Amino acid sequence: TGESNDPEATAWTEGQKKLLIIRVDFPDLVGVNLTDSGAVSLINNLNTFYTEMSYGRAGFISNSLGSDFTPVFRMPQPSAYYGTNNYYNQLRTAARSAAVTAGYVLGNYDLDVICFGAVPGWSWAGLGYVGAAGTWLRNNFSTGVAGHELGHNYGLNHASSWDTGGASVIGSGTSTEYGDSFDTMGAASAGNNHFNARYKNYLNWLPASEVITATSNGTYRIYAHDNPSSTGLRGLKIVKNSSTNYWVEFRQKFTSNKWLMSGGG
């Protein structure tokens, strides 16, 4: 299910974005497990992931051509100061300030990613503002986790599931946050799995012309939306009421799942 919001503005969710990877450490937690080559790979892998998901409508500019990564900046406070007090905003402010002092012009970048080690007091691997720049990666620099947090920046919430205890598909139940295991916005640890068709429509990666709305009983054909070479209709929307729609999608990248491969919703 999904709220019937309009798609985000294309200026924010489409086009090639410039990333600034800011690496920081602390007096009591020295070093970041993100090497120079790892930072370059992260930018490239995120570009590949987002380009594929968006059918070329979104992506990230390569390192040194618009995106950059910084040296490791030492933060003014110990790691525990930030983690145990939940001072993620203070950490971002200090990291961005260090980047400015080193000569980076923050206005040249669309998004910033603060990368650091296993700061105590926090248990998450990543954090991100919803609908605005600002991402934190804590000791995990995989494409899936970074892509999840940047998805928040683009305006996405978590991809949940509806648990009815096996009683029905749409009956009474409870929402399970992170429950959509097929979508990186559900379980970032699952890897760089495509956002769902509803979210792609929200981001304008699947515009209205590539989504069909069911207005009556019938047979509707849609194509796999996680195939970057697919064209045509890649999402089916069924209006439930004024605030909620049901969405049907088709994926084929989960090759070991015969129900998905054969056209499960």
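Helices (H or I, at least four residues) and strands (E, at least two) are DSSP runs here, numbered from the N terminus. The model is predicted, so local features need pLDDT of at least 70 and side-chain atom pairs count only at pLDDT 80 or more, while totals for chains, interfaces and linings use all residues. Residues are numbered from 1 along each chain as its sequence is written, and side-chain values use heavy atoms, with hydrogens and water left out.

I will start with helix H2. H2 covers residues 36-53, which is 18 residues. From first C-alpha to last, H2 reaches 26 Å, close to the 26 Å expected at 1.5 Å a residue, where the expected span is 1.5 Å times one less than the number of residues.

Which residues of H2 are buried? They are Ala 39, Leu 42, Ile 43, Leu 46, Phe 49, Tyr 50 and Met 53. Buried means under 20% relative accessible area, exposed means over 50%, and partly exposed is in between (1.4 Å probe, protein chains only). Seen down the axis of H2, these buried residues fall within an arc of 135°, so they line one face of the helix. The arc is taken over the directions from the helix axis to the C-beta atoms. An α-helix has 3.6 residues a turn, so residues three or four places apart point the same way.

Contact means heavy atoms within 4.5 Å. The buried residues of H2 pack against several elements, including strand E3 (19-25), strand E5 (68-74) and helix H5 (143-153).

Next, the pair H2 and H5. Their axes come within 10 Å and cross at roughly 65°; axes are lines fitted to C-alpha atoms, for helices over the stretch in contact, and angles run from 0 to 180 degrees between N-to-C directions. On the H2 side, Leu 42, Asn 45, Leu 46, Phe 49 and Tyr 50 meet Thr 143, Ala 146, Gly 147, Leu 150 and Gly 151 in H5. H5 is mostly covered, with 11 of its 11 residues buried. Gly 155, with a positive phi near 115°, follows H5.

Leaving aside residues up to four places away in sequence, Thr 51 touches Gly 56, Ala 58 and Gly 59. Thr 51 and Gly 15 are 36 residues apart in sequence and 9.5 Å apart in space, C-alpha to C-alpha.

Last, Asn 63, in the loop between E4 and E5. Asn 63 counts as buried, because its relative accessibility is 18%.
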